[in-house]
Amino acid sequence: MKNIIIALAFTFSVTGFYAQEGLKLGLHAGLPIDDFNDEISLMVGLDLGYMWALGEVVDLGISTGLIYGFKDSFQSDEIVSGLTDVQFVPLAASLRIWPSNSFSFGVDGGYGLGLNKGNDGGIYYRPIIGYLMGPMTEINLSYTGIQLENRTWNTVSLGFLHTFEF
């Protein structure tokens with residue numbers, strides 16, 4: 001374990017500065033999987049957060065936003081009634097690691113507040129892989145999980161994120 005810590009410290013100290021500090025604003029869209037696959041046809045999300053560069057390649061921050069799942073109105077050519085849209089507001093801490101100047105990976109973790117009736121929310125986690133397309137613009141691929149009382153909200157999404165420096 002000691003050798004791993006020394007190796008990571010050395011790696012982070014000799015690489016260039018790639019961290020992306022500032023206000024983050026983004027959009028993502030995706031598809032539900034598993035428990036909500038038959039009820040939700042598409043999800044969209046708004047991301048808002050702030051990241052601080054802790055060193056050469058590590059960012060730490062806070063994030064929130066809105067996750068909105070649109071109810072599936074049609075199943076096998078039949079109109080389905082009684083389904084509702086699903087909404088969450090995630091409140092999370094964010095960690096990003098930049099092993100190169102254009103690639104990042106990380107995770108958001110916290111709590112997803114449920115907004116719709118009968119949705120109490122749950123533990124929120126979102127692993128993210130990002131690619132920096134320009135100095136402040138990123139596309140990312142993410143998996144979102146929210147552990148509810150008796151089910152799990154799972155989605156895979158593609159997103160766009162822009163960083164504003166002040």
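Which residue forms a salt bridge with Arg-96? In this predicted model, the partner is Asp-108, and the closest N and O atoms are 3.0 Å apart.

**Overall build**
- Of the 166 residues in the protein chain, 39% are buried.
- The chain exposes about 9,300 Å², with 66% of this supplied by carbon and sulfur atoms.

**The barrel**
- Eight strands form a closed barrel with antiparallel pairing, in the order β1-β2-β3-β6-β7-β8-β9-β10.
- From one strand to the next, the twist averages 25 degrees.
- Within the barrel, strand β8 (residues 122-132) pairs with strand β9 (residues 137-147) in the antiparallel sense over eight bridges.
- Tyr-131 stands opposite Ile-139 in β9.

**Salt bridges**
- The count of salt bridges comes to three.
- Glu-39 and Arg-151 meet through their side chains at 2.6 Å, N to O.
- This pair links distant parts of the chain, 112 residues apart: Glu-39 is in the loop between β1 and β2, and Arg-151 is in the loop between β9 and β10.
- Glu-39 is partly exposed at 24% relative accessible area, and Arg-151 is partly exposed at 28%.
- The side chains of Arg-126 and Asp-47 form a salt bridge at 3.0 Å, N to O.
- Arg-126 lies in strand β8 and Asp-47 in strand β2, so this pair ties together parts 79 residues apart in sequence.
- Arg-126 counts as buried at 2% relative accessibility, and Asp-47 is buried at 14%.

Note on methods. Residues numbered from 1 in each chain as written. Predicted model: local features only at pLDDT ≥ 70, side-chain atom pairs only at ≥ 80, totals over all residues. Heavy atoms only, no water. Pairing = 2+ DSSP bridges. Helix = DSSP H or I, 4+ residues; strand = E, 2+ residues; numbered from the N terminus. Axes fitted to C-alpha atoms, helices over the stretch in contact; angles between N-to-C directions. Buried < 20%, exposed > 50% of the residue type's maximum accessible area, 1.4 Å probe, protein only. Areas by Shrake-Rupley, 256 points an atom, 1.4 Å probe, with all protein chains shown as cover. Salt bridge = Lys/Arg side-chain N within 4 Å of Asp/Glu carboxyl O.
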